[in-house]
Amino acid sequence: MTTKGGSHEPERPSALPTKAATADLGTLVDQLVKLGLEFAAEALPAILTRAVKEDLGAPALLEQLLRGEVERREERRVRTSLRLSGLPTGQTLGNFDFAFQPAVQRSKLDALATCAWLREKQGLLILGPPGVGKTHLAISLGVKAVECGFSVAFFRLDELLHAMRKDAEVPPTRLKGKKYMKAALVIIDEVGFDTFTREEANLFFRLVSYRYQRGSLCITSNKAIKDWPEMLAGDEIIAAAILDRLLHSCHVLNIRGRSYRLRELEESLNGRS
Ligand SMILES: Nc1ncnc2c1ncn2[C@@H]1O[C@H](COP(=O)(O)OP(=O)(O)OP(=O)(O)O)[C@@H](O)[C@H]1O
Ligand SMILES: [Mg+2]
């Protein structure tokens, strides 16, 4: 077929010229590798073959290539952020049995899972007796936060206090760079098992005060708020200052319910009686 101006093939903007694509494949792959588009480089031959076979247009081909690259990068970002966060694995909202724990409202958790509270730099306190799922829910929301693009740092209280004691003399300018100060969400698990020393209560105040309205804190505790002054080295003043900041703009999940750890024992005892 000829065109008015010469004898070359007419343009086919929505289809791939098979020959050219095959001929240039090696160069294209090299260029994609140089640009760091690893998925696109790997997937190009298969996508090109499919494009030719199914007569896919160039926009559809590019869309497949770029979507794959974006998805691969997102998966890698989430994997790396989860590793850096220190979040334990395996506990998600997907495997939390809401029917077992009616005190936990699914609608409330769904709202928290949108991560709007993190954008507002609000806090979250998860309170309740042993085994009701406090740590499970804190981890689940930490995972959601990572998926939403927030930096997360998960600590058990003893690990956090250890890190803060080590940094006690670090000047404020350098302290800002510490994970427990700068992460968008810091989760502190197991508050209440031990009483704080006065030094630890002061360090905890420094943390809460620095992060106030800068970033979110999620704390799990088996101690009711009224028992916090005693837990915080019996220092009413520091406890009041900490609670004032923590409870301002804070969601509270108070889980009054059965221990998931003891459910099988309970069930077997009930079965026997
Ligand atoms: N409703 C639930 N559905 C599924 N698994 C649950 C549920 N509640 C708790 N679990 C599981 O039971 C175990 C204990 O839960 P978790 O560690 O969250 O309790 P906790 O409230 O933090 O207890 P503690 O005060 O002793 O730290 C975990 O393995 C957790 O995954
Ligand atoms: Mg726990």
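Colleague: Which residue in β5 stands opposite leucine 125?

Modeller: Valine 252 stands opposite leucine 125. Keep in mind that this is a predicted model.

Colleague: What makes β1 and β5 a pair?

Modeller: Two strands pair if at least two bridges are found between them. β1 (residues 123-127) and β5 (residues 250-254) are joined by five bridges, in the parallel sense. They therefore meet the cut-off of at least two bridges.

Colleague: How do you know that β1 also pairs with β4?

Modeller: By the bridges again. Four of them join β1 to β4 (residues 216-221), and the two strands run parallel. At least two are needed, so β1 and β4 count as paired. Isoleucine 126, for instance, has threonine 220 of β4 as its bridge partner.

Colleague: Why is β1 called mostly covered?

Modeller: A residue is buried if 20 or more other C-beta atoms lie within 10 Å of its own. Five of the five residues of β1 are buried.

Colleague: Which residues cover the two faces of β1?

Modeller: Gly123, Leu125 and Leu127 are on one side, Leu124 and Ile126 on the other. All of these are buried, on both faces. In a regular strand, side chains alternate between the two faces of the sheet.

Colleague: What is the order of the strands in the sheet?

Modeller: The order is β2-β3-β4-β1-β5. The sheet is open, has five strands and pairs in parallel.

Colleague: Why is one side of β2 and of β5 left without a neighbour in the sheet?

Modeller: Each has a single partner strand, so β2 (152-156) and β5 stand at the edges. On average, neighbouring strands of this sheet are turned by 10 degrees against each other, direction ignored.

Colleague: What joins β2 to β3?

Modeller: Five bridges, in the parallel sense, join β2 to β3 (residues 185-191). Phenylalanine 155 has isoleucine 188 of β3 as its bridge partner. Valine 152 is bridged to leucine 185 in β3. Helix α7 (residues 157-166) packs on the sheet and touches β2 and β3. Its direction makes about 100 degrees with that of β2.

Colleague: Why is β2 described as largely enclosed?

Modeller: Four of its five residues are buried, so the rest of the structure largely encloses β2.

Colleague: Why is glutamate 190 called partly exposed?

Modeller: Buried takes 20 or more C-beta neighbours within 10 Å, and exposed takes 12 or fewer. Glutamate 190 has 19, so it falls in between. This residue lies in strand β3. Most residues other than glycine have a negative phi.

Colleague: Is glutamine 213 buried or exposed?

Modeller: Glutamine 213 has 10 C-beta neighbours inside 10 Å; the limit for exposed is 12 or fewer, so it counts as exposed. It is found in the loop between α10 (198-211) and β4. Glutamine 213 also has a positive phi of about 65 degrees without being a glycine.

Colleague: What surrounds ligand 1?

Modeller: 19 residues do, and the closest are Asp97, Gly133, Thr135, His136 and Tyr260. Helix α6 (residues 134-147) gives the most to this shell, with three residues. By class, the shell has five nonpolar, ten polar and four charged residues.

Colleague: How many Å separate the centres of domain 1 and domain 2?

Modeller: 43 Å, taken over C-alpha atoms. The domain assignment of the chain gives 18-79 as domain 1 and 86-264 as domain 2.

Note on methods:
Residues are numbered from 1 along each chain as its sequence is written. Chains are lettered from A and ligands numbered from 1 in the order in which they are written. This is a predicted model: local features need pLDDT of at least 70, side-chain atom pairs count only at pLDDT 80 or more; totals for chains, interfaces and linings use all residues. Axes are lines fitted to C-alpha atoms, for helices over the stretch in contact, and angles run from 0 to 180 degrees between N-to-C directions. Two residues are in contact if their C-beta atoms, placed from the backbone, lie within 7 Å. A residue is near a molecule or strand if its C-beta atom, placed from the backbone, lies within 6 Å of it. Ala, Val, Leu, Ile, Met, Phe, Trp, Tyr, Cys and Pro count as nonpolar, Asp, Glu, Lys and Arg as charged, and the others, Gly among them, as polar. Domain bounds come from an automatic or database domain assignment.
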